[in-house]
Amino acid sequence: MEESSLRAVGWARSLPLHSTPKAARDWALGHLETLDWTDSAPESVDAVLITVSELVTNAHVHAHSHAQLVMTWDGQCLHVAVRDGSSELPRTRPPSDQRLGGRGMVLVDALADEWEARPCHDGKTVIACFRPPTVAEDASSGGA
């Protein structure tokens, strides 16, 4: 029987309530640079950094919680996961002239290749997946 294995690299960081989205973005950018995405997929880097900022901001502002940020690269998809202490799952809402904010998940939906929210016993985790253009092109052509 053939055994398959998955090789992945990942990073994790706890972001206390008083930390800033910029600290999360700077941390994420440092790790994206180790994947050489800054040169080969700058649009994907921008999308990841905006998503990191939005998800961490949601954890701090809406969940009133620290954020656990985990990024995992499995060779196909960069998974950006943010866990917080609120059980309320995020949803996309149409923009409104009547309220400030509320556009974060609309941005995540537009930028990520896919995203999902998973409840857990004391909060939730929101996970967004990003495939750099070369991986997305290989997948659509059936692989190389």
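This is a tutorial dialogue on how to read several features of a predicted model.

Me: What percentage of the residues in the chain is buried?
Reply: A residue counts as buried when its relative accessible area is under 20%. Buried residues account for 36% of the 144 residues in the chain.

Me: How is the chain's contact pattern to be read, and what share of contacts joins residues at least 24 apart?
Reply: One sets aside contacts between residues that are close along the sequence. Among contacts between residues at least 6 apart in sequence, 60% join residues at least 24 apart.

Me: At what angle do helix α3 and helix α4 pack?
Reply: The angle is taken between the N-to-C directions of the two axes. Helix α3 (residues 42-61) and helix α4 (residues 104-111) pack at about 150°, and their axes are 9 Å apart. Angles over 145 degrees count as roughly antiparallel, and α3 and α4 are therefore roughly antiparallel to each other. The crossing in which α3 passes α4 is left-handed.

Me: Which residues of α3 and α4 meet?
Reply: On the α3 side they are Ala47, Ile50, Thr51, Glu54, Leu55 and Asn58, and on the α4 side Gly104, Met105, Leu107, Val108 and Leu111. Sorted by class, this contact of α3 with α4 has 7 nonpolar, 3 polar and 1 charged residues.

Me: How do α1 and α3 cross?
Reply: Helix α1 (residues 21-34) and α3 have axes that come within 9 Å and cross at roughly 145°. The crossing of α1 and α3 is right-handed. From α1, the contact involves Pro21, Ala24, Arg25, Ala28, Leu29 and Leu32; from α3, it involves Val45, Val48, Leu49, Val52, Ser53, Val56 and Thr57. The residues in this contact of α1 with α3 divide into 10 nonpolar, 2 polar and 1 charged.

Me: How many aromatic pairs are there, and how is such a pair to be described?
Reply: One considers the distance between the ring centres and the angle between the ring planes. The count here is 1 aromatic pair. The ring centres of Trp37 and Trp73 are 5.2 Å apart and their planes stand at 90°, so the pair is edge-to-face. Planes over 60 degrees apart are placed in that class.

Me: Which parts of the chain does the pair of Trp37 and Trp73 tie together?
Reply: Trp37 belongs to helix α2 (residues 37-40) and Trp73 to strand β2 (residues 67-73), so the pair ties together parts that are 36 residues apart in sequence. Trp37 counts as buried at 3% relative accessibility, and Trp73 counts as buried at 16%.

Me: Is Arg83 buried or partly exposed?
Reply: Arg83, also found in strand β3, counts as partly exposed at 23% relative accessibility. Among its contacts beyond four places in sequence are His66, Gln68, Cys120 and Asp122. The C-alpha atoms of Arg83 and Leu69 are separated by 6.7 Å, although the two residues are 14 apart along the chain.

Me: Is Ser65 buried or exposed?
Reply: Ser65 lies in the loop between α3 and β2 and counts as buried at 7% relative accessibility. Beyond four places in sequence, Ser65 touches Leu17, Ala59, His60, Asp84 and Gly85. Ser65 and Gly85 are 20 residues apart in sequence and 5.5 Å apart in space, C-alpha to C-alpha.

Methods
Residues are numbered from 1 along each chain as its sequence is written. This is a predicted model: local features need pLDDT of at least 70, side-chain atom pairs count only at pLDDT 80 or more; totals for chains, interfaces and linings use all residues. Side-chain values use heavy atoms; hydrogens and water are left out. Rings of Phe, Tyr and Trp (its six-membered ring) pair if their centres lie within 6.5 Å; planes under 30 degrees apart count as stacked, over 60 as edge-to-face and the rest as tilted. Helices (H or I, at least four residues) and strands (E, at least two) are DSSP runs, numbered from the N terminus. Buried means under 20% relative accessible area, exposed over 50%, partly exposed in between (1.4 Å probe, protein chains only). Axes are lines fitted to C-alpha atoms, for helices over the stretch in contact, and angles run from 0 to 180 degrees between N-to-C directions. Angles under 35 degrees count as roughly parallel, over 145 as roughly antiparallel, 65 to 115 as roughly perpendicular and the rest as oblique. A crossing is left-handed if the near helix is turned anticlockwise from the far one by less than a right angle, and right-handed if clockwise. Contact means heavy atoms within 4.5 Å. Ala, Val, Leu, Ile, Met, Phe, Trp, Tyr, Cys and Pro count as nonpolar, Asp, Glu, Lys and Arg as charged, and the others, Gly among them, as polar.
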